[in-house]
Amino acid sequence: MAAAGGPRPGLGLRSCAEYEAEQCQFPGIPESVQKSVSLEAGMLQPLYTEQFYPSPAAEAVVQQLLPIPKAAPLPEAPDPKTCSPQEYLEYYIFPVLLPGMIELLHEAKKEKCFERKMTKFIACDFLTEWLYNHNVRRKDEPFTEFFSIPFVNSWLKDHPRQPLPLSVFLSEEEASIIIQSFWRGYLVRSDREVQELRQWQKQLRSEKIIFQKVEEFWAKQEAKASIQNGDL
């Protein structure tokens, strides 16, 4: 449990943690101890079964004396037009939506959404694509990407999105190469001799610009003088 006043984990993190806890057979116990416990349980299982489970003949007698209860029939699905909102959610929405939410959490974990502030993963886009491709009416149709879905394509024509920054499309290797190259360039530019060379180049460029302006000024003056002499 988080300390009072501290940040609480998000819904995605809590759901993934609960899922991992369910997968673990003995939480909090090392794996080596778990193997030894499971091995001992497997060795003792024949002894327990022989001691507590009756013979087949005894089972037959018990089945004849005790009637086997029949399973209760499943409740029929309510009419979607007349049922209550709670029944509509339980019978028509949640059975379809919850599997998509589970896949959404797994995909978000793969995209490291719980570790980074910005990613290229858009949860609504993934869920829309998943629900569209798992629609019962499209059972035998091929997989359709999000931007190829007809209603998505028509909506984006009238409401175009702003492009995502290029940084979210970079892998960790590509991002590390760009950062390292920038850092190496900074170290080279911060060297004293390199700074002197850059200062000299800057001064040289400014002098060339001054010479060009002076030449342009005298060229204009000569052109004006020649025009005046032609008029006279």
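Helices, as I use the word here, are DSSP runs of H or I with at least four residues, numbered from the N terminus. With that settled, I note that the model I am reading is a predicted one.

**Entry 1, the loop between H4 and H5.** I looked up lysine 112 and found it in the loop between H4 and H5. Its phi is near 60 degrees, which I record as a positive value in a residue other than glycine. I then checked accessibility: lysine 112 has a relative accessible area of 28% and so counts as partly exposed, since that class lies between the 20% limit for buried and the 50% limit for exposed.

H4 runs over residues 85-110, and its 26 residues, at 1.5 Å a residue, should span 38 Å; I find the end C-alpha atoms 35 Å apart, which agrees.

Which residues of H4 are buried? I list Gly100, Leu104 and Ala108. An α-helix has 3.6 residues a turn, so residues three or four places apart point the same way. For the partner of these buried residues I looked at contacts, and they pack against helix H5, residues 123-133.

Is asparagine 133 buried or exposed? I read a relative accessibility of 14%, so asparagine 133 counts as buried, the cut-off being under 20%. Its side chain reaches the backbone oxygen of glutamate 129 at 2.7 Å. When I leave aside the neighbours within four places in sequence, asparagine 133 remains in contact with Arg138, Pro142, Phe143 and Thr144.

I count five aromatic pairs in the structure, and I looked into two of them, starting with phenylalanine 121 and phenylalanine 126, which form a tilted pair at 5.8 Å centre to centre with 50 degrees between the planes. Both phenylalanine 121 and phenylalanine 126 are buried.

The other pair I noted is that of phenylalanine 146 and phenylalanine 147, which is edge-to-face, with 5.1 Å centre to centre and 80 degrees between the planes.

Notes:
Residues are numbered from 1 along each chain as its sequence is written. This is a predicted model: local features need pLDDT of at least 70, side-chain atom pairs count only at pLDDT 80 or more; totals for chains, interfaces and linings use all residues. Side-chain values use heavy atoms; hydrogens and water are left out. Helices (H or I, at least four residues) and strands (E, at least two) are DSSP runs, numbered from the N terminus. The expected span of a helix is 1.5 Å times one less than its number of residues. Buried means under 20% relative accessible area, exposed over 50%, partly exposed in between (1.4 Å probe, protein chains only). Contact means heavy atoms within 4.5 Å. Rings of Phe, Tyr and Trp (its six-membered ring) pair if their centres lie within 6.5 Å; planes under 30 degrees apart count as stacked, over 60 as edge-to-face and the rest as tilted. A polar contact is a pair of N or O atoms within 3.5 Å; within protein, one must be able to donate a hydrogen and the other to accept it, and residues adjacent in sequence count only if both atoms are side-chain atoms.
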